[in-house]
Amino acid sequence: TTAPLLTTIHGFSSPGILPVYEKYNKKVFYVSISDADRAATLDYLATVHHGIDLTQFSFQAEPQNYLLFLGRIHHDKGAREAIEIARAANCKLLMAGIIQDQDYYQQYVEPQLVPGKIEFIGSVDPQRRNKLLGGAKALLHPINFNEPFGLSVIEAMACGTPVIAVNRGSMAELIKHGFNGFLVENVAQAVAAVAQLNTLKRADCRQHVEQFFNVDRMVDAYLKLYQQIIDKTARESHRPWGYYQVLADDARYKAKEIVVSPGKRLSLQRHQRRAEHWLIIEGNAELTVNNQILRLQQGQSIDIPRGSKHRIANLSSSVPLRFIEVQTGDYFGEDDIERFEDDYGRI
């Protein structure tokens, strides 16, 4: 198929899978779920952080007297370290999740279980997860790997619960140290962070998720990317005044061949994030650049500075106006068009 394809990469199972992604680099639009989880050999369209449905997570202003570990019982997730943190901090610890590594559980978790102190409660459904997260003083997330994202981290914060996490992978993108949790390097720093939990405001944790990790924000980000891909891959894009064809699309520049129908004109507009250079290749044009009115014909060109109001019109009643537009700047999306006058009601 010639239809463009967007692929969100949710982490890499192993380095051995990279050649598959590399094979389709430049052909597929890749999206990462965190800036930390990117392969240097791949080109990415954007990073879109996960978003959650906040109606599934209840804010709890006052916690109960326990810490929580929520995740796979596995070395990667740091179940053993969570127990060490809770014991050193003299805090009760509840542990919830599936046992992914039975040997690890039997060696490092099961012998440490003590009713009322260290308790393993197994896998939990969404309703119980919500209650556990909201009641915890903090979520312990002492990971031993570069985690691509970490849904439990934003789920905890959505309930008002701060997170103490080892600063690996994407954690610094989710947690603002000293605001909605603490980023630590080891068990000792995590124990010290437990003693500082009273310096954090649980309302700040919830607000952070509402602002940056809600599902509506994620959906809006993907909708913008879909439109960006459509703009990048469209061979011809028709408008009321004519049509254009994208000739080149690079991170540093974008080139179009634009055809304006006889007697038609583009809107009076400006761009804040790009400048343009126009070269007339057929027809006669009337240009407005700020307060100047100019005439250009075949072979003549003009620079349109960033931030200037501009418009081009086809003076002929029978011959199309054709010109090349080269955009330079840091963003070339359609939403950088600010219209002031338009013959087609698009203001």
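Author: Trp278 has Glu325 as its bridge partner in β19. This is a predicted model. The strand β14 spans residues 274–282, and β19 spans residues 321–329. Eight bridges join the two strands. They run antiparallel.

Now the sheet around that pair. Six strands form an open sheet, and the pairing is antiparallel. The order is β10-β11-β12-β19-β14-β17. At the edges sit β10 (237–239) and β17 (301–304). Each of these edge strands pairs on one side only. From one strand to the next, the twist averages 25°.

A second sheet is built from three strands. It is open too, in the order β1-β2-β3, with parallel pairing. Here the edge strands are β1 (6–9) and β3 (44–47), and each pairs on one side only. The twist averages 25° from one strand to the next. Strand β2 covers residues 29–32 and runs parallel to β3. Three bridges join them.

Next, the helices. The axes of α2 (residues 79–88) and α3 (residues 102–109) come within 10 Å. They cross at roughly 15°. An angle under 35 degrees counts as roughly parallel, so α2 and α3 are roughly parallel to each other. The crossing of α2 past α3 is right-handed. On the α2 side, Ala79, Arg80, Glu81 and Ile83 make the contact.

Just after α2 comes Asn90, with a positive phi of about 55°.

Helix α4 (residues 126–135) is the last stop. Arg129, Asn130, Leu132, Leu133, Gly134 and Gly135 are buried there. The buried residues of α4 pack against β4, β5, β6 and β7. Their helix partners include α5 (151–158) and α8 (202–212).

Definitions and conventions:
Residues numbered from 1 in each chain as written. Predicted model: local features only at pLDDT ≥ 70, side-chain atom pairs only at ≥ 80, totals over all residues. Heavy atoms only, no water. Axes fitted to C-alpha atoms, helices over the stretch in contact; angles between N-to-C directions. Helix = DSSP H or I, 4+ residues; strand = E, 2+ residues; numbered from the N terminus. Parallel < 35°, antiparallel > 145°, perpendicular 65-115°, else oblique. Left-handed = near helix turned anticlockwise from the far one by under 90°. Contact = heavy atoms within 4.5 Å. Pairing = 2+ DSSP bridges. Buried < 20%, exposed > 50% of the residue type's maximum accessible area, 1.4 Å probe, protein only.
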